[in-house]
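Hi everyone, thanks for coming.

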Amino acid sequence: MFAYDFMRHAFIAGTLIAIMCGAIGVFIMARNLSFIAHTFSHIGFAGASFAVFAGLDPLIGLLLFTLLGACGVGQLGVRVFRRDAAVSVILSLALGLGILFLSLSDAQGSFTKTILFGSVVGIDLQDVWQLVGLTLFVLLVLAVGYRWLKFDSFDQTGAEAAGLPVHLISIGFLLLMAVAVSVTVQIVGALLVFALMTVPAAAARFFTQSIFGMILTAALLAMAGVWFGLSAGYYTNAPVSFYIVAFEALSYFVGLLYQRVGQMRRGEA
Amino acid sequence: MLHRIQMNHLSVGFNGEEVLRDLSFYVPVGKMFAIIGPNGAGKSTLLKVLLGLIRPQAGEMVIEGDGKPVIGYVPQSRPIDEETPIAAKDFITLGLTSHLLPWLTRAERSKLKEIMEFTDTEMLAKKPIGRLSGGERQRVFLAQALIREPDLLLLDESTANLDPGAQEEMMRLVFRICEKRGVTVIFISHDLAQVATYADQVLLLARGKYVQGGAADLLSDQQLLAEYYQHEPVDAAQKATLESAQRQAMFH
Ligand SMILES: Nc1ncnc2c1ncn2[C@@H]1O[C@H](COP(=O)(O)OP(=O)(O)OP(=O)(O)O)[C@@H](O)[C@H]1O
Ligand SMILES: [Mg+2]
């Protein structure tokens with residue numbers, strides 16, 4: 001399968017994106033932002049559709065809309081968006097806008113499918129460079145901001161008392177999450193961003209209580225899922241994102257089981 | 001090292017309601033300083049002012065030392081996310097923010113080891129903090145504050161939920177930090193016997209106002225204490241504090 005350019009590209013981009021998703025996912029879970037990440041992916045869908053309508057690169061539309069979304073969430077405060085109602089209003093509005101822009105443009109049905117469900121076919125070299133560049137950027141920011149971000153994510157009271165700029169960290173993280181979502185949408189699609197950004201991180205918590213351990217585990221699970229998805233998709237023609245989602249879901253349930261068995265051994269549950 | 005901690009005519013209010021009123025006092029450096037007073041007196045608020053989390057509306061606060069003073073803080077309450085259980089050791093490590101390298105340096109690793117030994121938290125290293133007992137948790141919180149190598153340590157009712165043995169252990173630990181490392185300690189407590197034992201200086205607050213300050217023997221003035229712990233309108237919480245203070249007075 002590596003005979004094809006697009007498969008090689010998909011593996012390179014997919015691997016890096018998976019590592020990024022594992023790393024950022026741990027913080028998304030710790031900060032209770034998984035539904036906001038999901039909302040961003042829908043805003044991204046509207047953005048990509050808008051870009052097609054306006055004759056721009058879809059990635060530009062994705063980034064533009066999700067970054068604006070991040071600023072909006074940052075302005076109003078994350079807490080507002082933890083409410084189900086706020087999330088469902090924005091989600092449906094974003095989907096509606098996406099549909100509107102698509103109907104106004106002359107986009108093909110296949111584009112809709114790609115942006116909603118992801119696709120690896122047709123990733124050309126330029127796309128790969130863009131994705132790799134953005135992914136490395138996110139990873140670099142995560143590495144540099146690691147100490148502050150983990151303090152603020154796992155112990156907000158402590159971080160505030162230590163004098164960390166918690167407001168800045170919060171906004172910065174939302175913006176970073178917007179970039180990460182925009183990139184991830186390209187692989188798994190807007191509807192399945194959960195699969196790479198939150199499920200591996202959620203599963204990782206069953207296996208370890210160390211923060212770095214969680215990041216490592218989540219990244220490995222995401223990576224394994226992407227490799228499995230790409231290979232299985234290549235040989236069976238079923239959608240790659242289906243396999244990725246299935247793999248991650250399985251890892252989650254295995255984790256749950258692992259935790260339960262551990263608790264039973266210790267005589268807890 | 002700190003040189004001076006002083007408050008001059010400090011006032012703090014929330015939505016027009018004054019919580020601290022024209023408060024002036026100084027804290028002797030390198031000593032144990034207790035803040036006491038009934039519920040709602042403004043004790044926790046005062047610590048938050050010292051931390052810089054709350055800006056006073058009037059007055060000035062001076063905390064001077066060699067360089068920028070580092071403050072360690074153990075808050076009265078702290079939400080712990082049971083969903084994302086992180087190991088006690090990681091929780092302590094969070095306090096290390098003097099630089100941005102993603103990994104721990106050799107010096108930081110030995111510091112971590114030393115602090116965990118000192119606070120007797122080695123056995124808890126791998127346990128998720130959500131599963132620790134109240135006393136174990138307080139030691140972990142203290143360790144996180146200590147790993148920052150503070151010049152000033154602020155403790156907000158750190159022994160409130162501990163059994164008598166654990167309270168004693170905690171206070172001895174804090175006392176050693178003060179004595180051996182020259183850290184200035186400001187602690188809030190409703191346990192007047194404990195305050196009498198450990199504090200060099202005491203500040204009594206009531207409804208945001210300075211009532212009395214001085215050496216710990218002001219606590220032997222039963223009349224004063226009774227007056228200020230009772231003159232507050234007595235609601236259920238205050239009554240409980242009062243009763244426990246009286247019980248303690250009986251036992252000691
Ligand atoms: N953020 C806030 N907004 C409005 N009022 C506040 C705020 N924080 C504290 N207060 C009020 O300030 C007063 C003092 O509160 P504080 O927490 O400092 O009391 P305390 O002395 O620590 O009491 P306790 O012994 O119960 O801990 C209380 O009446 C409280 O309602
Ligand atoms: Mg208080």
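Let's begin with Glu149(B), which touches Val70(B) and Lys111(B), leaving aside residues up to four places away in sequence; contact here means heavy atoms within 4.5 Å. Before I go on, please keep in mind that this is a predicted model, where local features need pLDDT of at least 70 and side-chain atom pairs count only at pLDDT 80 or more, while totals for chains, interfaces and linings use all residues. Residues are numbered from 1 along each chain as its sequence is written, chains are lettered from A and ligands numbered from 1 in the order in which they are written, and side-chain values use heavy atoms, with hydrogens and water left out.

Back to Glu149(B): you'll find this residue in the loop between α4 (134-146) and β6 (152-156) of chain B. Helices (H or I, at least four residues) and strands (E, at least two) are DSSP runs, numbered from the N terminus. Glu149(B) has a relative accessible area of 48%, so it is partly exposed; buried means under 20%, exposed over 50%, and partly exposed in between, with a 1.4 Å probe and protein chains only.

Next, the metal. Which atoms coordinate the magnesium ion (ligand 2)? They are OG of Ser44(B) and OE1 of Gln76(B), at 1.9 to 2.2 Å. Donors are N, O and S atoms within 2.8 Å of the metal (3.2 Å for Na, K and Ca), and water is not among the atoms, so sites may look incomplete. The pair links distant parts of the chain, with Ser44(B) in helix α1 (residues 43-51) and Gln76(B) in the loop between β5 (71-74) and α2 (88-93) of chain B. Ser44(B) is buried at 17% relative accessibility, whereas Gln76(B) is partly exposed at 42%.

Finally, over to chain A. The axes of helix α2 (residues 34-54) and helix α5 (residues 109-117) of chain A come within 10 Å and cross at roughly 150 degrees. Axes are lines fitted to C-alpha atoms, for helices over the stretch in contact, and angles run from 0 to 180 degrees between N-to-C directions. So α2(A) and α5(A) are roughly antiparallel, the label for angles over 145 degrees. Phe45(A), Ala48(A), Ser49(A) and Val52(A) of α2(A) meet Phe111(A), Ile115(A) and Leu116(A) of α5(A).

Methods
Angles under 35 degrees count as roughly parallel, over 145 as roughly antiparallel, 65 to 115 as roughly perpendicular and the rest as oblique.
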